[in-house]
Amino acid sequence: MKFLSTQNSSLRVSAAQAIAQGISDEGGLFVPECFPKLDWQSLLPLSYPERAAKVLSAYIDDFSEEEILEMTRAAYANFGAPVNDDILELYHGPTLAFKDMALQLLPHLMRASARVTGEKREILILVATSGDTGKAALEGFANQSGIRVIVFYPDGGVSRAQKLQMVTQEGNNVKVVAVKGNFDDAQSGVKRIFTDEDIRARLNERGVVLSSANSINLGRLLPQVAYYFSAYADMVLQGKVESGAPMNICVPTGNFGNILAAAYAKRMGLPVGKLICASNQNHVLTDFIRTGVYDRRREFLISSSPSMDILISSNLERMLFEIVGRNDETVRTYMRALKAEGIYTLAPDELAALQEEFYGGWTDEPAVRATIEKTYRTTGHVIDPHTAVAVGVLESYRNETGDNRPCVVAATASPYKFGRAVYDALGGDVSSLDDFACCDAVAALANEKVPAAISALPTKPVLHTQVCTPEEMVDVVLG
Ligand SMILES: *Cc1c(COP(=O)(O)O)cnc(C)c1O
């Protein structure tokens, strides 16, 4: 299978090259030349690593299926993606967020890709994070030879636990820097560095090549397709979905990467009904799906689901490519308009295609709190604010449309990453408690233990204190 770019469809590169490179030279994103069919029934008896290897092998032919299976076995040795009560729990990895599903595997894919492409230079991974990607990338890449990582996070735009997870990261090849600005500032800064030929040339002279672990990297996207196949298989095995019947999927969305993987799974033949795209109060995607107008010219709001506080949804470009009939020129036109004017508008037939596949909805902050409380009261499950956005939107979707088909909700973070917001929503008095005491209180309510990845944080030494402006990000990379 070859991969082309959303902004240059005459390009043909291998999966290994797309993964090693991260983003295409002209700024487009790598997409498969076609969607391979995969028989989901063949996955029923398999373990999670085996299911993931099957899905990845459908796209990647640079390495053998046995090699890929070795990688998935290593990445998913200690966790998988179980479905419980129609909730697809994607947060059992080392950093307690769904990003681990891809970022535990990406280092394996990247090292193998560098071998295949003959890359001898040191790989410098730049990450802009709204919270969870940064830690997951650090955890995945720390102490990997031949690779360095710099993580930029928005100063004040992540939770205390998220920040502590990053600034306490150990490893001889990692750097963590706070950017004065919001996530879009950090992400734009990284994108600027990636597309700046002068910076690339200067790094090349030092034997360094840039790559990306952000969700625009193909190596992030493909592992995510796997868990939707796995979820469908589990729903069938649990008797929740009739074999072959369509299943809806509801995903709390920011950069559109997670829900895009579900759309890819559908194109590979998985029986998927409606894709429900759930946003928080930064509901640029809801508006887009409802009106066809993508308009980022609005106030950036900081919410209790910071990993979804995003106004420029980078992976949407891949969906756009499908919606406009894989016309790279149309994608270029829209992306140029987004950059220059902050807005673009779909043609009527394009909007119809988008709405055929997706429903968009959003919830405000009081509704998120109410959903956390109601879910706990009615099911005993404690969910995090990101997952609560999806649960709330699914309820509205069902009320609005009467579509009561089986639906899995992607649960993207452990509630203990957001203990303060969760305990507050559950009616706790957080005024005199720090975040860790809030987690203890939530654990007592849920009758669980706080995961060690959180409870060990307060005693870990802070190793990273650097702060920069968006303009200074270049100096950090070249410094
Ligand atoms: C990253 C993240 C999201 C958003 O995922 P996208 O792929 O960007 O849509 C949602 N929830 C959590 C907890 C996340 O870390």
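Q: Is V251 buried or exposed, and why?
A: In this predicted model, the general idea is to compare the relative accessible area with a cut-off, and buried means under 20%. V251 has a relative accessible area of 0%, and therefore it is buried. V251 is found in strand β10.

Q: Which residues is V251 in contact with, leaving aside its neighbours within four places in sequence?
A: The general idea is to set aside the close sequence neighbours and to list what remains. For V251, leaving aside neighbours within four places in sequence, the contacts are Y228, N258, I259, I276, C277, A278, A390 and A410.

Q: How should I read a positive phi, and which value does F256 have?
A: The general idea is that most residues other than glycine have a negative phi. F256, a residue other than glycine, has a positive phi near 70 degrees. F256 is found in the loop between β10 (247-252) and α11 (257-267), and F256 is buried because its relative accessible area is 1%.

Q: What is the phi of N447, and is N447 buried or exposed?
A: N447 is not a glycine, yet its phi is positive, at about 60 degrees. The place of N447 is in the loop between α19 (435-446) and α20 (452-455). At 74% relative accessibility, N447 counts as exposed, whereas F256 is buried.

Q: How many residues of helix α13 are buried?
A: Here the idea is to apply the burial test residue by residue along the helix. Helix α13 (residues 316-323) is mostly covered, with eight of its eight residues buried, and these are L316, E317, R318, M319, L320, F321, E322 and I323. Just after α13, G325 takes a positive phi of about 70 degrees.

Q: At what angle do α13 and helix α14 pack?
A: The general idea is to take the angle and the distance between the two axes together. α13 and helix α14 (residues 328-341) pack at an angle of about 135 degrees, with their axes 9 Å apart. α13 is therefore oblique to α14, and the crossing of the two helices is right-handed. In α13, E317, L320 and F321 meet D328, V331, Y334 and M335 of α14. The residues of this contact of α13 with α14 divide into five nonpolar, no polar and two charged.

Q: How do helix α2 and helix α3 pack?
A: The reading follows the steps used above. Helix α2 (residues 48-59) and helix α3 (residues 65-75) pack with their axes 8 Å apart, at an angle of about 135 degrees. α2 and α3 are therefore oblique to each other, and their crossing is right-handed. The contact is made by P49, E50, A52, A53, K54, L56 and S57 of α2, together with E65, I68, L69, T72 and R73 of α3. By class, this contact of α2 with α3 has six nonpolar, two polar and four charged residues.

Q: What lies 3.0 Å from a polar atom of the side chain of S212?
A: The general idea is to look for polar atoms of the backbone as well as of side chains. The backbone nitrogen of N214 lies 3.0 Å from a polar atom of the S212 side chain. The place of S212 is in strand β9 (residues 208-212), and S212 counts as buried because its relative accessibility is 1%. Not counting residues up to four places away in sequence, S212 touches G22, M110, I125, L126, F194 and N217.

Q: Where is the place of T412, and which residues does T412 touch?
A: The place of T412 is in the loop between β15 (407-411) and α18 (419-425). T412 is buried because its relative accessible area is 6%. Not counting residues up to four places away in sequence, T412 touches Y91, L96, A97, F98, P252, N258, H386 and T387.

Definitions and conventions. Residues are numbered from 1 along each chain as its sequence is written. This is a predicted model: local features need pLDDT of at least 70, side-chain atom pairs count only at pLDDT 80 or more; totals for chains, interfaces and linings use all residues. Side-chain values use heavy atoms; hydrogens and water are left out. Helices (H or I, at least four residues) and strands (E, at least two) are DSSP runs, numbered from the N terminus. Buried means under 20% relative accessible area, exposed over 50%, partly exposed in between (1.4 Å probe, protein chains only). Contact means heavy atoms within 4.5 Å. Axes are lines fitted to C-alpha atoms, for helices over the stretch in contact, and angles run from 0 to 180 degrees between N-to-C directions. Angles under 35 degrees count as roughly parallel, over 145 as roughly antiparallel, 65 to 115 as roughly perpendicular and the rest as oblique. A crossing is left-handed if the near helix is turned anticlockwise from the far one by less than a right angle, and right-handed if clockwise. Ala, Val, Leu, Ile, Met, Phe, Trp, Tyr, Cys and Pro count as nonpolar, Asp, Glu, Lys and Arg as charged, and the others, Gly among them, as polar. A polar contact is a pair of N or O atoms within 3.5 Å; within protein, one must be able to donate a hydrogen and the other to accept it, and residues adjacent in sequence count only if both atoms are side-chain atoms.
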